[in-house]
Amino acid sequence: MSLDLPLVWAGLIAFAVLAYVLLDGFDLGVGILFPFVQGETNRDEMMNSVAPVWDGNETWLVLGGGGLFAVFPLAYAIIMPALYAPIIAMLLGLVLRGVAFEFRWKTRRGKFLWDWAFAAGSTIAAFAQGIALGALVQGIPVSGRAYAGGWWDWLTPFSLITGIAVVVGYALLGSTWLIFKTEGRVRDAAFAFARITAIATLGLIVVVSVWTPFLSDIFMRRWFAWPQILFVAPVPALVALAAFMLISGLIQRNERRPFLAALALFVLCFVGLLISFFPYLVPTSVTIWEAAAPDSSLQFLLTGAAVLIPLILVYTAYSYWVFRGKVNSAGGYH
Amino acid sequence: MELTDPLTLARLQFAFTVSFHIVFPAISIGLASYLAVLEGLWLLTGRAVFMDLFNYWKKIFAIAFGMGVVSGIVMSYQFGTNWSVFSDKAGPVIGPLMGYEVLSAFFLEAGFLGVMLFGLKRVGPRLHFMATLMVALGTFMSAFWILSVNSWMQTPAGYGVNDVGQFVPLDWWAVIFNPSFPFRLVHMLLAAYLTTAFIVGGTGALHLLRDATQPASRIMFSMAMWMAALVAPLQIVAGDLHGLNTLEHQPAKIAAMEGHFDTRAGAPLLLFGLPNMQEERTNYAVEIPKLGSLILTRDWNGTVRGLKEWPPAERPNAALLFWSFRVMVGIGVTMALVGLWSLALRARGRLFATPLLFKALVLLSPSGLIAVVAGWITTEAGRQPYTVYGLLTTVDSASSVQAAAVGASLLAFAVVYFLVFGAGVFYMLRLMRAPPHASEGDLPPDEPVRAGGLLPAPILVPGGGRGRTQRNSGP
């Protein structure tokens, strides 16, 4: 039996991207919420809640991007120039916030600067990712083997909405994470943020979901044609369930359920995207199989991935286990 | 070369980001091995001073490593944004190699880095030493894969071309171990070790100038001087072999490096000159007769090809290469001479009694970094006008992105990089300015504990000093 290698790799890269969104989503969210929390010890506590794990989280982005280059070079070569400005903005945002984790502790005089870099970098990175997503969903003009549009094409009302949606959604992940990981004033503030961002996120999910099918006939048929509708209907139904869990968890001041429900919302939105996109990597012009490198390239890298990705997962799970429980401002876990 | 030309801007952007980037891996490759040696010596001898040195350099390593990682992420996306045609065509061959870099090296480093930085008390010395070795192995693997990619672009092998014009792998062994790879790998690793040795030696010398009796500073200075004495001459041999390999595969690059425009037997070695690409001659040349032929062909009267053998469009820029090459070689020779000088002083028992040597080391401490950047300029600019040598031109590799986009992003990179990496280098220098002391702190107590990963570096002014007092004076 021969494996459909492009499909296997598409699944692996989709997994890496989802892992990235879920994991870096909450730590970017903590950065987005930073300016809304006053008091140095409160901010220390927020940062300490993600400090042990954020860098591992971000590694999934490198794996997603690097994987795309290695396995689907055509898609990489089309998407990157099309999303030129948002990608560069995202990278610079990630650089700023990444070094802020370290430099913030090196200086007392300049600490506010790195606080600012952390918040601005996180927000810019999230907004740029949302815009990139929106621009990808609305379609990228392709001619031959290259991007055929201009360098502002990514900027549309739709991509601005998805940009805002990702910022708000990450803020929801961040605030529910803080509910889960902190106590006292930070947790109380996080409950307030979570109530606002939960309602805003759900509203934006509805707007984007209703808008998307009108962007392309393919999306429209995928979601509303008979009998496919039977297969895709569970997605919106599960979204409604996750929304209920989120809201009820927040009302009952449950400290774990809101985070899990917010993660579930992101997983479902991601599944919804996959349903819209499949089998395209660049909607709606390049499919998984058209973009794939030869099987020898895919096979070569898959050998390593099959060994190393499980190891990475074990290591990641272990580091979350080590740092389980509530955090305090001095960095201790208890 | 116009500044409104998107290709020029894209090349400038790549040159800028890669030059910034290479500095940090060069330090972290060298320091990772140095840390492993220090911890090994500590385990062997049980002398606390080795652990003090380990803890001292560990903090500096963490900053360099972190900055290497963030600047490296940018590189991996820049292939797509600015060089999309290259990515499409070369992706099937070099993409998987870079994928292996991400998978193996990145995760090896990231996984064990946390243990190395925070874990001595938690996991015990043996396991901790293994983590340190793994971090060193990770930096080596990282260099291995990236240099394999770079070498393939210089001396492509093991590939075919498919019907849509992509390079496709036919023989992975030939791809990875392409003709220039072993030479480049050895040359770069030795460069990283030497760079680190001079940073370590310069730091030790700085403290010995104030007090020549400090044991920790004496040890690092002495170790660095052994490296200069042994590795710098080795590097000259490795560089010479690398040059012969380049002569075989990229003779135009050698002609540009040597400032030779005319093919001739018994070619001189130019010590000074100003190559002029338009006039096709090297002006104001100061030369040693026949030595160029001897070095390149091992024969006083050997024939050395000049740039005129190639059409003007295929010539790398000799005005740049001639000088970048001389800067690199000049620094390498200086390092070897300093190494010999230290041997002579050591033999007479005056290694720690010669302030002039300390001063020279302080002055030379960043020289390795300059040599590394100059060397990379030589090999990369010398590959022009191609990205994949002889097969894919730079002009045909670029994305069709407007100049304004590339220019604006170049400006943004420049601003953010100078700010961020400027601050990082400042924090590193502040750590090096304080001497290592007995029972050098393992970790500052008031910083968060990290599980590890890409940037898990808690750093503070060692030895209490200013940083600690300031911190305690806070609310």
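Tyr284(B) is found in strand β5 of chain B, where strands are DSSP runs of E with at least two residues, helices are DSSP runs of H or I with at least four, and both are numbered from the N terminus. The structure is a predicted model, in which local features need pLDDT of at least 70, side-chain atom pairs count only at pLDDT 80 or more, and totals for chains, interfaces and linings use all residues. Residues are numbered from 1 along each chain as its sequence is written, while chains are lettered from A and ligands numbered from 1 in the order in which they are written.

**Exercise 1. Backbone angles**

Next, look for cis peptide bonds. One joins Phe278(A) and Pro279(A), with omega about 0 degrees, and Pro279(A) sits in the loop between α12 (257-277) and β3 (280-282) of chain A. Another joins Gln384(B) and Pro385(B), with omega about 5 degrees, and Pro385(B) belongs to the loop between α13 and β7 (386-388) of chain B.

**Exercise 2. Two helices of chain B**

Work out how α1(B) and α14(B) are oriented relative to each other, and list which residues make the contact.

Solution. The axes of α1 (residues 6-45) and α14 (residues 403-433) of chain B come within 9 Å and cross at roughly 20 degrees. Here axes are lines fitted to C-alpha atoms, for helices over the stretch in contact, and angles run from 0 to 180 degrees between N-to-C directions. The two helices are therefore roughly parallel, since angles under 35 degrees count as roughly parallel, over 145 as roughly antiparallel, 65 to 115 as roughly perpendicular and the rest as oblique.

The residues in contact, meaning that their C-beta atoms, placed from the backbone, lie within 7 Å, are Pro6(B), Leu9(B), Ala10(B), Leu12(B), Gln13(B), Phe16(B), Thr17(B) and Phe20(B) of α1(B), together with Ala403(B), Val406(B), Gly407(B), Ser409(B), Leu410(B), Phe413(B), Ala414(B), Tyr417(B) and Phe421(B) of α14(B). They comprise 13 nonpolar, four polar and no charged residues, where Ala, Val, Leu, Ile, Met, Phe, Trp, Tyr, Cys and Pro count as nonpolar, Asp, Glu, Lys and Arg as charged, and the others, Gly among them, as polar.

Finally, take Val406(B), which is buried with 26 other C-beta atoms within 10 Å. Leaving aside residues up to four places away in sequence, Val406(B) touches Pro6(B), Leu9(B), Ala10(B), Gln13(B), Asn82(B) and Val401(B).

**Exercise 3. Enclosed helices**

Explain why helix α9 (residues 251-258) of chain B and α2(A) are largely enclosed by the rest of the structure.

Solution. In α9(B), seven of the eight residues are buried, so this helix is largely enclosed; the buried set runs through Ala252(B), Lys253(B), Ile254(B), Ala255(B), Ala256(B), Met257(B) and Glu258(B). Their cover includes α8 (215-249), β4 (269-276), α10 (291-297), α11 (318-347) and α13 (367-381) of chain B. Gly259(B), which follows α9(B), has a positive phi near 70 degrees.

In α2(A), eight of the eleven residues are buried, so α2(A) is likewise largely enclosed. The buried residues of α2(A) pack against α1 (5-33), α3, α6 (111-137), α7 (157-181) and α8 (184-211) of chain A.

**Exercise 4. The interface and its confidence**

State how many residues each chain brings to the contact between chains A and B, and then the ipTM of the complex.

Solution. Chain A contributes 59 residues and chain B 63. On the side of chain A that touches chain B, α5(A) gives the most, with 14 residues, and the residues of that side divide into 40 nonpolar, twelve polar and seven charged. The predictor assigns the complex an ipTM of 0.86 and a pTM of 0.88. For chain B the mean pLDDT, the predictor's confidence in each residue from 0 to 100, is 86, and 91% of its residues reach 70 or more. Residues 449-475 of chain B, however, have a pLDDT below 50, although this stretch has 81 contacts in the model beyond near neighbours in sequence.

Notes. Contact = placed C-beta atoms within 7 Å. Buried ≥ 20, exposed ≤ 12 C-beta atoms within 10 Å, placed from the backbone.
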